[in-house]
Number of protein chains: 4
Amino acid sequence: MIPPQSATVQCNSKRIITPVDCRYRCWETLMAILVAYSAWVYPFELAFMSKSSPHDAATKRLLYISEYIIDVFFGIEIILTFFVAYVDPNTRLLVWDSRKIALRYLKTWFLMDFASTIPFGLIVYVCTDRHKLGLFYQSVFGMLRFWRLRKVMQLFRRLEKDIRFNYVLIRCIKLVLVTLFFSHLAGCVYYILADTYPHSGKTWIGSVNPNFREGHVLDRYIASVYWSITTMTSVGYGDVHSMNSREMIFNSVYMMFNLGLNAYLIGNISNLILEGTRTTMEFRNSIQAASEFVSRNQLPESLKEQILTYMCFRFTAENLNQQGIMNDLPNPIRKSICEHLFLPAVRNAYLFKYVSRETLLLLVAKMRAEYIPPGEDVIVKNEAPENIYIIMSGEVEVIDCEEGKEQTTRTLLSGDILGEVAAMYGKPHSYTFRTKTMSQLLWLKTTSLIEAMQTKPVDHQLILQNFREMNDPQFTFWDNQASNDSSAAPAM
Amino acid sequence: MIPPQSATVQCNSKRIITPVDCRYRCWETLMAILVAYSAWVYPFELAFMSKSSPHDAATKRLLYISEYIIDVFFGIEIILTFFVAYVDPNTRLLVWDSRKIALRYLKTWFLMDFASTIPFGLIVYVCTDRHKLGLFYQSVFGMLRFWRLRKVMQLFRRLEKDIRFNYVLIRCIKLVLVTLFFSHLAGCVYYILADTYPHSGKTWIGSVNPNFREGHVLDRYIASVYWSITTMTSVGYGDVHSMNSREMIFNSVYMMFNLGLNAYLIGNISNLILEGTRTTMEFRNSIQAASEFVSRNQLPESLKEQILTYMCFRFTAENLNQQGIMNDLPNPIRKSICEHLFLPAVRNAYLFKYVSRETLLLLVAKMRAEYIPPGEDVIVKNEAPENIYIIMSGEVEVIDCEEGKEQTTRTLLSGDILGEVAAMYGKPHSYTFRTKTMSQLLWLKTTSLIEAMQTKPVDHQLILQNFREMNDPQFTFWDNQASNDSSAAPAM
Amino acid sequence: MIPPQSATVQCNSKRIITPVDCRYRCWETLMAILVAYSAWVYPFELAFMSKSSPHDAATKRLLYISEYIIDVFFGIEIILTFFVAYVDPNTRLLVWDSRKIALRYLKTWFLMDFASTIPFGLIVYVCTDRHKLGLFYQSVFGMLRFWRLRKVMQLFRRLEKDIRFNYVLIRCIKLVLVTLFFSHLAGCVYYILADTYPHSGKTWIGSVNPNFREGHVLDRYIASVYWSITTMTSVGYGDVHSMNSREMIFNSVYMMFNLGLNAYLIGNISNLILEGTRTTMEFRNSIQAASEFVSRNQLPESLKEQILTYMCFRFTAENLNQQGIMNDLPNPIRKSICEHLFLPAVRNAYLFKYVSRETLLLLVAKMRAEYIPPGEDVIVKNEAPENIYIIMSGEVEVIDCEEGKEQTTRTLLSGDILGEVAAMYGKPHSYTFRTKTMSQLLWLKTTSLIEAMQTKPVDHQLILQNFREMNDPQFTFWDNQASNDSSAAPAM
Amino acid sequence: MIPPQSATVQCNSKRIITPVDCRYRCWETLMAILVAYSAWVYPFELAFMSKSSPHDAATKRLLYISEYIIDVFFGIEIILTFFVAYVDPNTRLLVWDSRKIALRYLKTWFLMDFASTIPFGLIVYVCTDRHKLGLFYQSVFGMLRFWRLRKVMQLFRRLEKDIRFNYVLIRCIKLVLVTLFFSHLAGCVYYILADTYPHSGKTWIGSVNPNFREGHVLDRYIASVYWSITTMTSVGYGDVHSMNSREMIFNSVYMMFNLGLNAYLIGNISNLILEGTRTTMEFRNSIQAASEFVSRNQLPESLKEQILTYMCFRFTAENLNQQGIMNDLPNPIRKSICEHLFLPAVRNAYLFKYVSRETLLLLVAKMRAEYIPPGEDVIVKNEAPENIYIIMSGEVEVIDCEEGKEQTTRTLLSGDILGEVAAMYGKPHSYTFRTKTMSQLLWLKTTSLIEAMQTKPVDHQLILQNFREMNDPQFTFWDNQASNDSSAAPAM
């Protein structure tokens, strides 16, 4: 839940590492990979390498060495854990106190971590001569290695919450790895069962290929995993099948387990699909409702076309309007975003030319951007001038409705301002403004504009000047009133 | 997300095509079909036609020619893409600038499209003599053709959002095609594996039918696909099964893949069922709650009957009331709908006979339609006259409640007006109005009626005249008051 | 969607039947059963009876006769449909006009219904001598019978919405029937494929049992269905398997179909489980949140106990409080329910003894019942007397809080009234009332009580009399004030 | 639904046991385990012990004896049920009346319970000589034992609602037990089918191992269960398969049943996964939306970092803020929690030193705790002093914003108070307070503080004294005003 590079974390102690430290994250990832490798190799080694023929000796030695190297790494990890700060689940703050860290680790997972790191294989090899018993001890204690898989699960839990990775991908990779791991594990167990059975012909592999032990290790491994996967996926060709009670018991357990695993896979993927199709579903449902409405009321084809087109655009606009996120953010961040997004557009609007950056920042912090689908009335004639709008993108038509007839006078484009004339004179709008294409508008309350103008007289004059230059005929009227009684201007 | 025939898109440039152009849509669909055909035929060709017997020669030639024709089409598609406008994901506006279009295509998918269009088969055929290496190159580069399947996925993504097609159907077709394609592909790979294996008797098909190569190409194809489907569906009869390590490896991969595919299928269909049963579920839940309420409180059978009947009708009425959609639509569209739906009914209501179309349009724009389940009180006696209602369909009973006893006086039918008497006199209603069947009522605020009447004096007089004619006894009273002091009429 | 016995439907025409008529419902159910039987028997007949041995002749004749009887029934059904009113999907009203009914039927399903009713078997038998062609024609036209399955689906759609049947059960039965039907159908097709194959030894059944045609018809049927189910459930033992291309093709199609069917089954059952566990899930989630809250804040064990116990009771109480349903119901029904539920309890409360039924009905219509978990304060000391409460079930403690110490004075039981003293005197409550067990309280606004009392002076006096008798010491005080200045009583 | 140790239940009768009694719960659990054992052993006994060889005699006798012991236990259970109070589903109250308890049990499940407890085996053994008929009777009546499984289901239903157990775990255990039980049951039926078939070689086990009856009982059991699981999981190797019609019929039924069982398993696990991933999903979705917002608007990297970090903390804080639960709890519990949680912190705050416990309790009851993500403004400069805050954990920066520049003056830590200066003087805040780390703040309305202070003059003086000591320079100012006109202090 801790963000990747938290700006607020400070290392109070030289010797304590923060868990969000970039290098520690890398180390953790490396450990997870080593653990995965170890969990992969260990059953293979146990099954196929214990009675290995001479030409497998090199491979065997390589695997053993890699195991010991990993054990060393894991030992370092144990020591390191004593120096890593942790997040207290109650207060959600990092705990830097090394005594508390040590205590917590010793109380929770230290013992298991330690036990799983002792190189039992080596000890057994050194201490005992009897091969049989040694193998048994080794395999029992070796199981402790699977305890380390916790590290891999922790990595995936972290990745699932990491915003830089695709969630669906991470979950799919997890599912694939889990499935592969279990089929590999079962394959190895299958081989051990056949290899250690006294009557070689009464085993799953021996009944098909009596001299199976002489085959190449890879062929034997492929045959094992092949049967394992055949069983796991519930295909069950039957070319290979259990031959004795021991195999039947393991196979029954494995099949039951697969029932659960399959359900787990299906449940996970259902879940992802449900999540993935939600947006489309919602879109379809709203369109469907509109479509039913049209057909029930037998509206003419042209109206149907208009309604559906509008609904499509509306859906798009809703997706684009993410005001909710803006509202969730705290003040300082919100201001920065507004400055970044709106300042260039506002500076280029004719009304705010040459206005000081300070005043513009004040204005910009009070603006909101909105996407509006085509064909919607932004301003209706005779409305009171509550807002002014700046077009960020798209086109807006100015419509003159006289005696029930509508005439498009002009088309405003990106950078133009809507409704500023009515706002300045403080009288109702004399035109209807309707979007022609999907448009992004920046809107500002008229009162906010007036407030902002009052803070700096220079900017006030500049804005008035800009307004006069643009709207010629009103020039003298405004000028007179402004010079006579500036404070009595209706809306200013 | 772009609606099929957007009315707002204008072609600014003669040479640039809009992506919502009807002809371009057809071309895209054609391309998707060709691509699908090509992806289908190519693996078949590779598997069954490479070592073809003489009597397959004609088929082989046909397939090759069709391939080259598709390559030509795809070449045209590449050139065409340079002249198709695209939707900018940020502003949601079409980009017509041909330079930007070209740049975008070159930056994204041009290279892969181009590579997949080069007829490697032809090149290999011309350049090399060695059949083996040629086959290898051809198959590797031929894989690029699967890149084109992107076109088919785009088509489906578009169809899923297209309101003219059934969503469930489109998704089911997609699932079926995906399943069929993979089983076909795996069938072809199976055959290639068997065909190229040195020891013919140790292959899945050779062990069953040693002379399989002499069989008809269709028989071999059916056997391959049969095994492929047996595996995919996890039936796994075992009459055909892997015989060598190579087959085992491919089969294991394929089975693992099928695990995912099956989960994907189930997840998709679960999702569709969940969506499909939602309405029924909600209905059942509300009925269930009512039913539990009845049984817990041990209400008598007659009351139970009434409650459940009412709940059923209520649910239907809620489904029919789609006021939400009306509210979502912009002003111009809403007006058109109201005019289309309500004008005929309003014109036929006695109160509005001979009234001018203009006034009626004003009224109609302020009306709302609502379905009301049977047995509900529309107007309760002694309520203030806030609304008047026009019956669109169904029947409404006029009930006189005197001293606790209810008597049905009259039954109003489609076209009748409710509550206009009280509204005109501005006094409380003197009857209770209760729906008898599921009824659609059109309601209008009394104040809206008065406002609309004041705009045109002629219509005002007409409405008053209509009211007098219908409600005889009130004629003189109203006339007197109106002539003496028209402006002082209580509600007018 | 039409409720089973709608009270509002009236038969306007003697000859037209309403679709909610009880007898017509029975007829429809009978038809559905006949159709199901026919769809079941027809494939069996075609597969196992066409080349029947002499000892099956009786069975064969029986089946044929039953078929013709069903055809007659279906003919009657076609005629009947012309006389059944239908629900107009736009207005949701029944259409009684016989001309419209006929037109609608002719336009929609008449042709298919008619075609599926013609006894092709009989025609073929009479007209043609050539058995082979006859069989072919018969089977092709016989497929039309499956068209009739629409009737069964309609029945199930109706049952799913019928409140008298368990929804989960109906859906499960539907799923089971669909599964059984398809496995039966596939079994029959399997047998036809084997039976009509020229080379008997190369068929799925012939390869296992060469003289299969001599076996009993039931053994052959069981073997067919056994293989069909083995395939459908994707078990695929492989003891029986496809032997020739024709069987492979059908089997592949069937396996693909099963993939969809399985997904459909799983999707449906997932859906039902999701619905079924929702309540428990919500309960668990609320408890879980409370539990986490406790453990995060390390609250002591005794507080934890209290909180969790309270949450449990709260959940139960919420389930019991179904005020939402009451609010949804229309006025007349709501009044009846209140009368039925609350009148007995209110009549027995000491305050309302001997009060007239009319006044009680007025009071009861304004009461609301609520379940309150134990340990909650119903009335807190010094609150204004806004409501009075009557205990329907459970126990309420009267608590005297003096100087921070709480003392339980009395325990009120079912039938007692809470807060009436404060309400009568119009002064703040002098005790805290806390629920001891889960209690159902009936609450009434004090103002509503006063309003109801003012309508009938006799009842007013009775209530005052009852109050005086119960609360002795106040008797004189109230009497004085009431006699002097009855209208000036603070709260009355 | 009854909480484990309900504090409100009182045993009114010595002889009636409450169902939430701890000892009765134990007895119920014991009964459920015995029932499960019995249902497990009975089919095994019937299948493998009826024709047992001499060396199984001991096992057989043991099983029979255990059966009779369980029957005795179950007899006690029947008697006990007459003395256990039950919860009335309508009033949710415990019914203690022994007559009602008896009546209810006799009306519902007594008969079946009684029938399933009669030791038919013994009766049959004693009464009849004919072994065959005896076996048949025994098995038919023995089926009644499965009726007792109801007890196990009740146990699981109770455990699912028990807050002390993990819900997911309980449901998974239930699923596993159900699956194991059915595979065991089917295994036993399989063996009975083979054992009782006249032609031993034509059975599933006899065709593989002709002398199967001579094998060890465990080997035979393993083979049966192995086949049962192979079928249930739809693996279907085919090494064992149905050989005669009787086996085919049972196997078909079992496969169909498994189709449902598998769907049930998958549905359940899907459901659990859906529930389990919801929180992560919501987190990902909110982060995803923020991320899209950033990339659409092409915000710079630094802003992106800030936004995402903030969103992460916000999500954590929302999880920690469980005010909703506090609001749901009744008054007495809420007060105890506030006292437990906030009193130590408040007592240590400098302002409330030496203040009496009574006043502190008053204050604490009006406080609310909230977690606030880092970087949020708790108090903005120039805001009115509505609240004062006490820091429970985390760090808060005091920021001085002069002329657009922000300067961090101080950092407040756990135990410090925010905004008390402005609250005391009743003037706007002169600093901005911004959280530096995730902080838990305790907030109190200024008006609540003033109210609480007015109840006890001593504490009023103490608080003022504390305030003066801490904020030296204001000491005289406050003192003067307070001494002159204590009641006219602006905010006090």
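What share of the contacts in chain A with a separation of 6 or more is accounted for by residues 24 or more positions apart? In this predicted model, in which local features need pLDDT of at least 70, side-chain atom pairs count only at pLDDT 80 or more, and totals for chains, interfaces and linings use all residues, the share is 70%, two residues being in contact if their C-beta atoms, placed from the backbone, lie within 7 Å. Residues are numbered from 1 along each chain as its sequence is written, while chains are lettered from A and ligands numbered from 1 in the order in which they are written.

Chain A contains 19 helices and 10 strands, where helices (H or I, at least four residues) and strands (E, at least two) are DSSP runs numbered from the N terminus. Of the 492 residues in chain A, 32% are buried; a residue counts as buried if 20 or more other C-beta atoms lie within 10 Å of its own, as exposed if 12 or fewer do, and as partly exposed in between, with C-beta atoms placed from the backbone.

An unreviewed UniProt entry places the feature "transmembrane region" at several spans of chain A, including residues 168-193 and 253-274; such annotations may be inferred rather than shown by experiment, and their positions are given in the numbering used here. Residues 168-193 of chain A are 100% helix and 0% strand, with end C-alpha atoms 37 Å apart, and residues 253-274 of chain A are likewise 100% helix and 0% strand, with 32 Å between the end C-alpha atoms.

Between chains A and D, 48 residues of chain A are in contact with 55 residues of chain D. Helix 7 (149-161), helix 10 (245-276), helix 13 (323-328) and helix 14 (331-348) of chain A each supply at least two residues of the side that touches chain D, and helix 10 of chain A gives the most, with 17 residues.

In chain C, five of the seven residues of strand 10 (residues 439-445) are buried. Strand 10 of chain C pairs in the antiparallel sense with strand 3 (residues 368-372) over five bridges and with strand 5 (residues 387-393) over six bridges, pairing requiring at least two bridges found by DSSP. Within strand 10 of chain C, C:Trp443 is the bridge partner of C:Arg368, and C:Leu442 stands opposite C:Ile390.
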